[in-house]
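Keep the sequence and the structure open side by side. The walk below starts from a single residue and then widens to the chain.

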Amino acid sequence: MTTPSVPSSPGSAVKALRPLFAWVLLGYVALHLFFTFFGWLLPSPDSTFSSRSASAGFVTLYTIVLPLLALLIATQITPVLAAGKLMAAIALVEYVVVLFFGLVSFLLGLGRTFDYVNSARSAFGALEHLVMGLAELGVAALVAYAALRIFLSLGGTLPDFSARHTPPAPPSEPPTQVLQ
């Protein structure tokens, strides 16, 4: 029986696993968002859409931290992984999904949360939902901005939606001279 080769240092023991760690972290968040989306969207007999929105779970510690951790593993440890730009693009898409659906479910859930305020405890719960929801969205936006900066620093470009097709100008006629 052969024994696996022993790495020369603790750093080299993990460096070979960097791509695997980064892809697994991005994949986990993608799966989490997939199941969260359909759990939020699909009806169930014991809940309403607004109650599912109040507890949707698009913006969580996992969806905020794991894509950033994947990017740090891929880009901040030298050498930068060859797939770093692709990983940054995927993380950016994940953050767009987190922010969009997180904001939508937060706003829809606010109505449900504040609709059932009838005691000091429920008022405090509604205040907690409001403050912590805004804080989570703020942290997610900050981390999404960091992911955008990493993506752009790796040579990525964003689509230019402002460029509109303008028809070519008609040929101009030569100016006419006025006789005096």
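**A buried arginine without a partner**

Arg18 is buried, yet it makes no salt bridge. Its nearest side chain of opposite charge is Glu94, 17 Å away. This is a predicted model, so a salt bridge here is a computed call: a Lys or Arg side-chain nitrogen within 4 Å of an Asp or Glu carboxyl oxygen. What does Arg18 touch, once neighbours within four places in sequence are left aside? The contacts are Ile73, Ala74, Ile77, Thr78, Pro79, Val80 and Leu81.

Arg18 belongs to helix 2. That helix covers residues 18–41, 24 residues in total. From first C-alpha to last it reaches 35 Å, close to the 34 Å expected at 1.5 Å a residue. Which of its residues are buried? They are Arg18, Ala22, Leu25, Leu26, Val29, Leu33, Thr36 and Trp40. An α-helix has 3.6 residues a turn, so residues three or four places apart point the same way. Keep that in mind when you trace the buried positions along helix 2.

Arg52 lies in helix 3, residues 49–54. Arg52 is also buried and also lacks a salt bridge. The nearest side chain of opposite charge is Asp46, at 7.2 Å. The Arg52 side chain does reach a backbone oxygen, that of Ser47, at 3.4 Å. Beyond four places in sequence, Arg52 touches Gly39, Trp40, Leu41, Leu42, Pro43, Ser44 and Ser47. Trp40, one of these contacts, is among the buried residues of helix 2.

Next, look at helix 5, residues 84–115, where Leu92 sits. Why is Leu92 classed as buried? Its relative accessibility is 14%, and the cut-off for buried is under 20%. Leu92 and Val143 are 51 residues apart in sequence, but their C-alpha atoms are 9.6 Å apart in space. Leaving out residues up to four places away, Leu92 touches Ala144, Ala147, Leu148, Phe151 and Leu158.

Finally, step back to the chain. It has 6 helices and 0 strands. Along the sequence the pattern reads α-α-α-α-α-α. Of contacts between residues at least 6 apart in sequence, 74% join residues at least 24 apart. Buried residues make up 28% of the 180 residues. The chain exposes about 12,300 Å², and carbon and sulfur atoms supply 71% of that area.

Note on methods. Residues are numbered from 1 along each chain as its sequence is written. This is a predicted model: local features need pLDDT of at least 70, side-chain atom pairs count only at pLDDT 80 or more; totals for chains, interfaces and linings use all residues. Side-chain values use heavy atoms; hydrogens and water are left out. Helices (H or I, at least four residues) and strands (E, at least two) are DSSP runs, numbered from the N terminus. Buried means under 20% relative accessible area, exposed over 50%, partly exposed in between (1.4 Å probe, protein chains only). Lys and Arg count as positive and Asp and Glu as negative; His and the chain ends are not counted. A polar contact is a pair of N or O atoms within 3.5 Å; within protein, one must be able to donate a hydrogen and the other to accept it, and residues adjacent in sequence count only if both atoms are side-chain atoms. Contact means heavy atoms within 4.5 Å. The expected span of a helix is 1.5 Å times one less than its number of residues. Accessible areas come from the Shrake-Rupley method with a 1.4 Å probe; for residues, only the protein chains shown count as cover.
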